[in-house]
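My entries follow in the order I made them.

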Amino acid sequence: MPIEYVTSLDDPRLDAFARLTDTQLRSRIEPERAQLIAESGKVIERALEGGLTPVSLLMEEKWLEPLAPVLAQVEAAAPDAPVFVAPRDELTRLTGFELTRGALACFKRPALPTVAEAVAGARLVAVLENITNHTNVGAIFRSAAALGVDAVLVSPACYDPFYRRAVRVSMGTVFQIPWTRIGDDVHDWAHEGVPLLRELGFTTAAMALSDDSITLDELAALTGRPSRVAAPDAPAQPQPVALVFGTEGDGLAASTISRCDHTVRIPMDHGVDSLNVAAASAVAFYALR
C-alpha cells in the first residue's frame, strides 16, 4: 500500500476529498467511476465489510498507527489504493475542525440492486418518500440496522443515503442494510411502487395521521407479530411489512396513503401531533421487529 505525503490540499489527487461535491462524485462520470466518501475508522470498516472497493484515503500522520488494522483491510481489498498523509492545518482547512475521526476514505460507489433483489427474504422494510434531510436519512438507516429492518427503499426524490453527511450520521450502516430506489416518477413513485411491493408479498403501511388510522400494536397483531392487541384472524406466520414514511412537515402524499393497505399512527400525549421522522421510524421499527 503506497503511503504518500502531501503538503497541500491543492494536490489534484485530492479532488475527491477537497473539491468535488457529493453530486459530482455521484454523477460526474457515472456509473463506472462514481464515488463516495466515508469518514472515520468505524465507517470505513463497515464500507469494507459491505464489499465496497477503496480508491484512496486521507489522514494525518498520527493516525497511521492507530488505524493500522483498517489500513490492512484496505490493502487487502485494493493493494494499490494510496494513503495520502497531510498536515493537520491542511486537514483542518478541509473539514473546519480537527479530523478527530481519524481518516477520510474514497470508495467506488456500488451499483444499486433491483427492488426485488434488495428485499429478497425481507420481513420488515422501510420506504422513505421524499425525505430531504441528510441527517434524517442517516438516522433512519442507523435505527433500521439496530432494530432489525431488512432493507430500505427510497423514492426518486429522497435524498441520497450515500451522501457524505448521511453516511456519517448512519455510522456506516448504509453499507450494512440493502437499499435501492423504488419507482420512476419523481412526483408519484407509489403509482408503480406500491403495487410492486404488494406483488412481492408485502403488506404496505403508511405512517400518517388520519381518522381511519390504526395503531402500531394493531398493525403488529394484523400481520402476525407479538402484540398487546388481540387479532383472532392474525396469520400463523408474520407477513412481510413495508412501512412508508414521509418527509418532515408535509408528510406522505395523499395518493401514497390511499394506495397503501393500512394507515398507521403512533399514539401521542400532551397535545403533540407528531414525531420527527427519524424518531418515528425508530418507534415503528421496534414495535414491528
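I started with Thr203. Thr203 is buried, at a relative accessible area of 12%. I took buried as under 20% relative accessible area, exposed as over 50% and partly exposed as in between, with a 1.4 Å probe and protein chains only.

Ground rules next. This is a predicted model, where local features need pLDDT of at least 70 and side-chain atom pairs count only at pLDDT 80 or more, while totals for chains, interfaces and linings use all residues. Residues are numbered from 1 along each chain as its sequence is written, and side-chain values use heavy atoms, with hydrogens and water left out.

**Thr203**

I placed Thr203 in strand β9 (residues 203–207). Helices (H or I, at least four residues) and strands (E, at least two) are DSSP runs, numbered from the N terminus. I then listed contacts, meaning heavy atoms within 4.5 Å. Beyond neighbours within four places in sequence, Thr203 touches Thr223, Gln239, Pro240, Val241, Ala242, Asp261 and His262. Thr223 sits 20 residues away along the chain, with 8.0 Å between the two C-alpha atoms. The side chains of Thr203 and Gln239 make a polar contact of 3.2 Å. For that I used N or O atoms within 3.5 Å; within protein, one must be able to donate a hydrogen and the other to accept it, and residues adjacent in sequence count only if both atoms are side-chain atoms.

**Asp11**

I found Asp11 in the loop between β1 (3–5) and α1 (15–18). Asp11 is buried, with 17% relative accessible area. Its side chain has a polar contact of 2.8 Å with that of Arg13. Leaving out neighbours within four places in sequence, Asp11 is in contact with Val6 and Arg19.

**Helix α3**

Which residues of α3 are buried? In this helix (residues 41–49) I noted Gly41, Val43, Ile44, Ala47 and Leu48. Seen down the axis, the buried residues of α3 fall within an arc of 165°, so they line one face of the helix. The arc is taken from the directions from the helix axis to the C-beta atoms. Their cover includes β2 (35–39), β3 (54–59), α4 (68–77), β5 (103–108) and α8 (164–169). Just after α3, Gly51 has a positive phi of about 90°.

**Cores**

I counted a nonpolar core as buried Ala, Val, Leu, Ile, Met, Phe, Trp, Tyr and Cys residues joined through side-chain atoms within 4.5 Å. The largest has 57 residues, and Ile44, Phe107, Val152, Phe175, Leu243 and Phe245 touch the most other members. Helix α12 (residues 277–287) gives the largest share, 5 residues. A second, separate core of 19 residues includes Val119, Ala151, Ala190 and Ala206.

**Aromatics**

My search of the whole structure gave 3 aromatic pairs. Rings of Phe, Tyr and Trp (its six-membered ring) pair if their centres lie within 6.5 Å; planes under 30 degrees apart are stacked, over 60 edge-to-face and the rest tilted. Phe162 and Trp179 are edge-to-face, at 5.1 Å centre to centre and 80° between the planes. Phe162 lies in the loop between β7 (151–154) and α8, and Trp179 in strand β8 (residues 179–181), 17 residues apart. Both Phe162 and Trp179 are buried. Phe162, Phe175 and Trp179 form one aromatic cluster.

**Cysteines**

How many disulfides are there? I counted 0, taking a disulfide as a pair of cysteine sulfur atoms within 2.5 Å. For Cys260, the nearest cysteine sulfur is that of Cys158, 15 Å away. Cys260 is buried at 10% relative accessibility, and Cys106 is buried at 1%.
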